Amino acid sequence: MRPEGAAWERAAEVREAAEGWLRAGAVDRPTHEAIENAYPDPCVTPSAVWRILTAVMVTAVALCALGAVWIATGQPGETGLSVLLVVFAGASLVVTERLEASPRFARRGAAGATSFWGSVFFLAGLALFLHEQLRIRSDPAFDAVLLASVLVWGAGCWRWGHPLFAGLSAVSLFYLLGRLPLGRVLWVLAGAALAGLAARRLDDASWAPSHRRAAMVLVVTGVAAVYGAVNVYSLDARWLEELRRFGPRRPAPPPGLFVVAAIATAGLPLGVLAWAWRSRRTFLLDTGIVLFALSLVTLRHYVHVAPLWVVLTVSGAALIALALVAERALRRSPGSERAGLTADALFSDERRQQLLQTVPVVAAFTPAAQAAAVDKPGFAGQGGTFGGGGASEKF
Amino acid sequence: MNPDVVSAIARLRTDNVLSGRQAAFFNRVARRHLVSVRFEIRVLLYVGVLLLTSGVGALVVEHHGAIGPLAIAGSIGLAAAACLAWVVRRAPPFSWDEVPSPSVAFDYVLLLGLLLFASDLGYVEAQFTVLGPRWAHHLLVVGAVYLLAAYRWDSRTVLGLALATLAAWRGVSISLVSASLGVGDTGELRANAIAFGALYVAAATASVRLERKPHFEPVFGNAGLLLLLGALVSGVLEHGSAWGVWLVALLAVASLVMGVSFRLGRSLYFAQAVLAAYVGLLRLLFAPFRHEASSLPFLAAALLGLGALALVFAAHKRMIER
C-alpha cells in the first residue's frame, strides 16, 4: 500500500471516531473542528450511496467497453478473448493505480471497482488461455486459476487494502485446499493457522486500518473453514470431498470420526464465543453466534427433540428472552456496563442503523403480493395463503 | 484496540484538545475496555421474532385440523394482544416529532405483536371467509393497522412494513420484475406501482411540509421512488411499441427527481434516478441494433456511463447532503 494512502486512512480513522464523539454529544463542535484540523484528510470521501453509485457506473463502463472492443475486433475466439481480457485487466490496474494516487478519487468507489474488475478480467483471461490455448485439462487448469486467484486477490488486498479481496483470496485458498487429498485436514490446519496469524495483526499499529480490517476478514474465514471441516453434517454429506478432482469414490469415514466431529460441532462455537468474551471483539461474538445457530440446526437435523413448530417457537422465544435479559442486566448495572460490555450505542450511528434495519424487516415479513386474486371469488375452496405478517404459509 | 485512535487520543489530550475525562472515556472505548453489544441485541431480537412467527406459521400448517380454528385464532390473537399491551404500557406519549424508543426491545415487541395480529387476521379470513370473494382486502386492513401503529409508536420499521403491505395489497412487490417479463397483468401492475409510488412520494413531501413526523420522509420517499421508477423502467424494458413513451416519462420523472433531490440534498433519491435513467437509455441505445452484433451501442453505453459518472461527481461536489 502507498505510504500516503495509509496515512490518509489513519487520519480518516481518527476523524470518523471524532464524528461519533460529536454525534453522541461527547465533544462540542469547536473541539470537533480542532480534531479535524489536527488530523487533516485530503481525500474526498463521499457517503456509501455515492460510492456504490460510482462503483456501479464504473462497472457498466468497464463491461460495455469490453463488449464494444470484443465486437469491434470481430468477436475473436477464446484465444483472442483471453488476450483482450488480459489487456483490459492491465488497463484496469493502471487506472486503479492512478485513482489510488489521487486524493480526489481514491475513496470514491471507482478505484475499488476498477481493481475488482481488473482482477476478474485477469483471472478469466488466464482461465481461457490455459484451457483453450495451452489445452491443459480442466482439473489442472482449474487448480492453476484457483492458485492465481489466491495470489491476485491477496496482492490486490495488500496493494489497495480492500478487505473484500482478502476474503476472496482466502475463499480461493480453501477451495484449492479442498481439492487436494486430505482436504478436510488441510482446511482445519490452514483455517486455524490463518485465524491465529491474522488475529495477531488485528491491533498492529504498523498495519494500515484497511489491512487490519482485512485481517478481521481472514480471522472469520479461517474460523469458518475450521467449522466447515469439523461440522458433522459437512462430514456426513461429504461436502468437502465433493470439491475434489474427479476420481474413484472414496470410502466412508470411520464412525469414530463422526463422534469427534459431533463434539467439535458443539465445542467450536463455544470456543469462539469464549474467545470473543475474553477479547471483547464483537465480530468474533457475531461469528460465534452464527456458528452456534448452525450447530443447533445440525443438532435438529440428527436429533428430533421436538416438532418443527416447537423448535422454532421455543428458540425464537428463547432468543427474545435472552436479548431482553441481557439488555436489562446491562442497563441495570452500575454505569450501564458489566464486564466491559454495555447496551448503549456508544459512538455508533444509531439512527442510520434503525433506518437500515427497515430493509431486512420489510424483505422478511412483507406478505406476497396478491392483486390478481382480489377479484377472484371463492378463496375457501381453493386454498391459499394466510399471513400478511410474514407467515405466508400455505395450508 | 484501534491503535490509530488510541495514539490520537493521547496526542489530543497532550494538546489540550480533549479534557482528561473525555480522553479517559474515549480511550476505554478505543482500547475495547468498553464495548457496545447493542447491535448484537438487536440481531437476536430480530432473529427471535423471525423464528417465533415462523413457528406460529408451522404450528398452524401442521396442526390446524387437530387443534381447531377457534383455538388457533384465539391463541394467536391472545399472544398478539399480550405483545401490544406491553407496548401500550411502555410507550411514551404521542408526538408529531421523533420520539426515541424507551428501550431497544420496544420496536421488536411491537413488530412481533403486529406480525401475530396480521397472521391471526389472515388465518381468520382464510378459515371463516369474512370478506368473501374480496378476501385479499385483509391486506388493506393489515397495512392500515401497520400505518396507524407506525405513527402512534413512531416506528420507521413498521412504516416500511406498512408501505410494502399496502403495495402488496394491489399486487406490487418484487413481482413487478417477473411481471414485466410476461407473468400476470403487467399494465395493471404497473399502474398500481405508479399510483402507490406517487402517493408515497406525496406523503414524503407532506410529512416534511406539514411537520408531521418529518423523520418518516426517507422511508416514504425511498419506497415511493423505488415503485415509481421501477414501474417506469419496467415499461421501457417491455416488449412492444410503447416503450418510447415510457422512456420519455422515465426521463422526465428521473430528471425531476434528480433536480429536487439535488436541491434537498438527498443522495439516495439522486442515485435511484441516475440508475433508472441509465437503464432506460440503454434500451434506446441497443434497440436499433437488436438483430445485428454491433460495437456501437456498447461504445455509446460506455460513453453514457462516463457521462453519468461526470454527473455523479459534479452533483456530489455541489450537493449539501442532509
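Reader: How far apart do the C-alpha centres of domain 1 and domain 2 of chain A lie?

Author: They lie 27 Å apart. This is a predicted model. Domain 1 of chain A covers 145–303, and domain 2 covers 310–361. Those bounds come from an automatic or database domain assignment.

Reader: Why is Glu188(B) called partly exposed?

Author: Count its neighbours. Glu188(B) has 15 C-beta neighbours inside 10 Å. Buried needs 20 or more, and exposed needs 12 or fewer. The value of 15 falls in between, so Glu188(B) counts as partly exposed.

Reader: Where does Glu188(B) lie?

Author: In helix α9 of chain B, residues 186–209. Its C-alpha atom is 9.1 Å from that of Arg170(B).

Reader: What makes β2 of chain A and β1 of chain B a pair?

Author: Bridges. Two strands pair if DSSP finds at least two bridges between them. Strand β2 (residues 341–342) of chain A and strand β1 (residues 35–36) of chain B have two bridges, so they pair. The sense is parallel.

Reader: Which residues stand opposite each other there?

Author: Leu341(A) stands opposite Val35(B). Thr342(A) has Ser36(B) as its bridge partner.

Reader: What is the order of the strands in the open sheet?

Author: The order is β1(A)-β2(A)-β1(B). That is three strands, with mixed pairing.

Reader: What makes β1 of chain A and β1 of chain B edge strands?

Author: Each pairs on one side only. In chain A, that edge strand is 337–338.

Reader: How do you know that Val274(B) touches Leu53(A)?

Author: Contact is judged by C-beta atoms, which must lie within 7 Å. Val274(B) and Leu53(A) are in contact, so their C-beta atoms lie within that cut-off. Val274(B) also touches Met258(B), Ala308(B), Leu311(B) and Val312(B), not counting residues up to four places away in sequence.

Reader: Which core holds Val274(B)?

Author: The largest nonpolar core, with 182 residues. Val274(B) is one of those with the most contacts inside it, and Val49(B) and Leu232(B) are also among them. Apart from this core lies another, of 16 residues, including Trp21(A) and Val29(B).

Reader: How many residues of chain B are in contact with chain A?

Author: There are 101, in contact with 94 residues of chain A. Helix α3 (residues 38–67) of chain B gives the most to that side of chain B, with 24 residues. By class, the side has 61 nonpolar, 28 polar and twelve charged residues.

Technical notes:
Residues are numbered from 1 along each chain as its sequence is written. Chains are lettered from A and ligands numbered from 1 in the order in which they are written. This is a predicted model: local features need pLDDT of at least 70, side-chain atom pairs count only at pLDDT 80 or more; totals for chains, interfaces and linings use all residues. A nonpolar core is a set of buried Ala, Val, Leu, Ile, Met, Phe, Trp, Tyr and Cys residues joined through C-beta atoms within 7 Å. Two residues are in contact if their C-beta atoms, placed from the backbone, lie within 7 Å. Helices (H or I, at least four residues) and strands (E, at least two) are DSSP runs, numbered from the N terminus. Ala, Val, Leu, Ile, Met, Phe, Trp, Tyr, Cys and Pro count as nonpolar, Asp, Glu, Lys and Arg as charged, and the others, Gly among them, as polar.
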